[in-house]
Amino acid sequence: MLRNLVNTNSGLNNMKKFGRHGFNLAFGINGVVYKNGYGSGPSRREKFILPFSEISMNDVPIVGGKNASLGEMYQNLGSKGVQIPNGYAVTAHSYFYFLEKVGIREEIKTILKGLDVKDVDNLQRIGAEIRGLILSKEFPEEIKEAIVRGYEGLEKEYSKNVDIACRSSATAEDL
């Protein structure tokens with residue numbers, strides 16, 4: 001299922017059924033995080049994906065609040081016998097990389113100039129316009145590959161087409 005999600009033109013349209021604030025999605029199941037295949041880029045802030053074993057509450061700006069909490073729980077509660085679903089987070093860098101790579105960052109800024117947060121109809125219209133713009137674009141190959149590599153690691157441990165859970169986690173929702 002994940003392969004179909006990221007390898008089709010409608011991948012972003014399918015993503016909305018999981019909920020989303022940017023691309024900060026947590027993928028995981030009970031088990032082992034695979035360090036091979038995570039992310040790209042020389043620094044943590046430039047990786048597309050981070051495993052929960054490397055995420056702490058200090059990473060809210062990178063992975064969002066829910067993902068940071070999952071990382072903390074995985075690292076601190078597992079040794080106490082509490083089984084924490086493990087996996088990886090798609091980072092905020094992935095989201096901004098996507099906006100730049102598909103060429104819509106400036107268009108979104110232009111659309112937002114017409115935003116009036118006190119006018120609910122305007123807010124709904126602007127939000128729908130931006131969502132439509134984002135959903136009309138395809139993931140860059142680099143992000144697809146990082147997500148699929150992480151999932152393939154889970155498949156090696158468990159089985160082909162292993163079930164996963166996806167959660168959204170915005171970087172500013174907990175501020």
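**Entry 1**

I began with glutamate 106 and lysine 109, whose side chains meet in a salt bridge at 3.5 Å, N to O. I count a salt bridge when a side-chain nitrogen of Lys or Arg lies within 4 Å of a carboxyl oxygen of Asp or Glu. The two residues are three apart in helix α6, and about one helical turn separates them. An α-helix has 3.6 residues a turn, so residues three or four places apart point the same way. I looked up the exposure of both: glutamate 106 is exposed at 51% relative accessible area, and lysine 109 is partly exposed at 42%. For these classes, buried means under 20% relative accessible area, exposed over 50%, and partly exposed in between, with a 1.4 Å probe and protein chains only.

**Entry 2: source and conventions**

I note that this is a predicted model, in which local features need pLDDT of at least 70 and side-chain atom pairs count only at pLDDT 80 or more, while totals for chains, interfaces and linings use all residues. Residues are numbered from 1 along each chain as its sequence is written, and side-chain values use heavy atoms, with hydrogens and water left out.

**Entry 3: the chain as a whole**

I listed eight helices and four strands in the protein chain. Helices (H or I, at least four residues) and strands (E, at least two) are DSSP runs, numbered from the N terminus. From that end the elements run α-α-β-β-α-α-β-α-α-α-α-β. Of the 175 residues, 42% are buried. I then looked up contacts, meaning heavy atoms within 4.5 Å. Among contacts with a separation of 6 or more, 68% join residues 24 or more positions apart. The accessible surface comes to about 9,200 Å², and carbon and sulfur atoms hold 51% of that area. Accessible areas come from the Shrake-Rupley method with a 1.4 Å probe; for residues, only the protein chains shown count as cover.

**Entry 4: the nonpolar cores**

I take a nonpolar core as a set of buried Ala, Val, Leu, Ile, Met, Phe, Trp, Tyr and Cys residues joined through side-chain atoms within 4.5 Å. The largest has 21 residues, and Ile49, Leu99, Ile104, Ile108 and Ile134 have the most contacts inside it. At least two residues of this core come from each of β3 (85-90), α5 (92-101), α6 (105-112), α7 (120-135) and α8 (141-157). Helix α8 gives the most, with five residues. Apart from this core lies another, of nine residues, including Val60, Ile62, Leu70 and Ala89. I also looked up leucine 99: leaving aside neighbours within four places in sequence, leucine 99 is in contact with Ile104, Arg105, Ile108 and Ile134.

**Entry 5: helix α8**

I checked the length of α8. At 1.5 Å a residue its 17 residues should span 24 Å, and the end C-alpha atoms are 25 Å apart, which agrees. The expected span is 1.5 Å times one less than the number of residues. Among the buried residues of α8 are Ile143, Ala146, Ile147, Val148 and Tyr151.

**Entry 6: other salt bridges**

The count comes to eight salt bridges. Which partner does lysine 144 meet in a salt bridge? I found glutamate 138, at 2.3 Å, N to O. Lysine 144 is buried at 2% relative accessibility, whereas glutamate 138 is partly exposed at 30%. Glu138, Glu141 and Lys144 are linked in a network of salt bridges. Glutamate 155 bridges to lysine 160, with the closest N and O atoms 3.9 Å apart. Here glutamate 155 is buried at 8% and lysine 160 is exposed at 63%.

**Entry 7: proline 140**

Proline 140 lies in the loop between α7 and α8. Is this residue buried or exposed? I found proline 140 buried, at 6% relative accessible area. Not counting residues up to four places away in sequence, proline 140 touches Tyr97, Phe98 and Lys101. The C-alpha atoms of proline 140 and phenylalanine 98 are 6.5 Å apart, at 42 residues along the chain.

**Entry 8: a nonpolar surface patch**

Last, I looked up a nonpolar surface patch of about 330 Å², made by Leu112, Leu115, Val117 and Leu123. Patches are made of residues with over 30% relative accessible area and no salt bridge; like charges are joined within 9 Å, and nonpolar side chains (Val, Leu, Ile, Met, Phe, Trp, Tyr) within 5 Å. Valine 117 has its place in the loop between α6 and α7 and is exposed at 60% relative accessible area.
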